[in-house]
Every structure is written in structure tokens, then in C-alpha cells.
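Work through the exercises below with the sequence and the model open. Try each task before reading its solution.

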Amino acid sequence: MADAVCFADLEHLPGRYHQLTGSRKGQWSCDMDHPYRLIFKPTEEPIPKDEHGKQKLTEIE
């Protein structure tokens, strides 16, 4: 298995990776065995976004 280079790589891994909302907006989660999950926080500030305000997953490390 190779390391993920950017957040876009997470979309192709096993598990349910999804963007969080509310107080964790901008972070991502991977569901583990209930009730556990891994939380990922981008290192970029501000998070790169396109002209529509959607995160550019290929640019987030």
C-alpha cells in the first residue's frame, strides 16, 4: 500500500472517508469500528478552494 499524497487519494481507499461539518468543518473522517473514527486535519491554512468554494482535494496535504 502506498502513502496518500493528498486528500484526493483518500477517496480511493477502503473505508468511508467523508468531510465533517459544524465545529469540525474543514476536517475529514474515516469510519472505523463503531464508535471509533480517524480524524484528518489539513496542514494548509487557508484550505485551497476553487471558484465555487469547494475544497481542492488534490492540493490539500
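**Exercise 1: Strands**

Strand 2 and strand 3 pair in the antiparallel sense over 4 bridges. Two strands count as paired if DSSP finds at least two bridges between them. The model is predicted: local features need pLDDT of at least 70, side-chain atom pairs count only at pLDDT 80 or more, and totals for chains, interfaces and linings use all residues. Residues are numbered from 1 along each chain as its sequence is written, and side-chain values use heavy atoms, with hydrogens and water left out.

Task: state how many helices and strands the protein has, and what joins strand 2 to strand 3.

Solution. 
- Take the elements as DSSP runs numbered from the N terminus: helices are H or I with at least four residues, strands are E with at least two.
- The protein has 0 helices and 3 strands.
- From the N terminus on, the order is β-β-β.
- A hairpin through 5 residues joins strand 2 to strand 3.
- Within strand 3, F40 is the bridge partner of W28.

**Exercise 2: Aromatic rings**

Task: search the whole structure and say how many aromatic pairs there are.

Solution. 
- The search returns 1 aromatic pair.
- Y17 and F40 form this tilted pair, at 6.0 Å centre to centre and 40 degrees between the planes.
- Y17 lies in strand 1 and F40 in strand 3 (residues 37-40), so the pair ties together parts 23 residues apart in sequence.
- F40 is partly exposed, because its relative accessibility is 25%.

**Exercise 3: Salt bridges**

Task: search the whole structure and say how many salt bridges there are.

Solution. 
- The criterion is a side-chain nitrogen of Lys or Arg within 4 Å of a carboxyl oxygen of Asp or Glu.
- The search gives 2 salt bridges.
- R16 pairs with D31, with the closest N and O atoms 2.8 Å apart.
- R16 sits in the segment before strand 1 and D31 in strand 2, so this pair ties together parts 15 residues apart in sequence.
- D31 is partly exposed at 31% relative accessibility.
- E59 pairs with K56, with the closest N and O atoms 3.8 Å apart.
- E59 is partly exposed at 42%, and K56 is partly exposed at 31%.

**Exercise 4: The core**

Task: list which residues make up the largest nonpolar core.

Solution. 
- Take buried Ala, Val, Leu, Ile, Met, Phe, Trp, Tyr and Cys residues joined through side-chain atoms within 4.5 Å.
- The largest such core has 8 residues: C6, F7, A8, L10, W28, I47, L57 and I60.
- Follow I60: not counting residues up to four places away in sequence, its contacts include C6, F7 and I47.

Terms used:
Rings of Phe, Tyr and Trp (its six-membered ring) pair if their centres lie within 6.5 Å; planes under 30 degrees apart count as stacked, over 60 as edge-to-face and the rest as tilted. Buried means under 20% relative accessible area, exposed over 50%, partly exposed in between (1.4 Å probe, protein chains only). Contact means heavy atoms within 4.5 Å.
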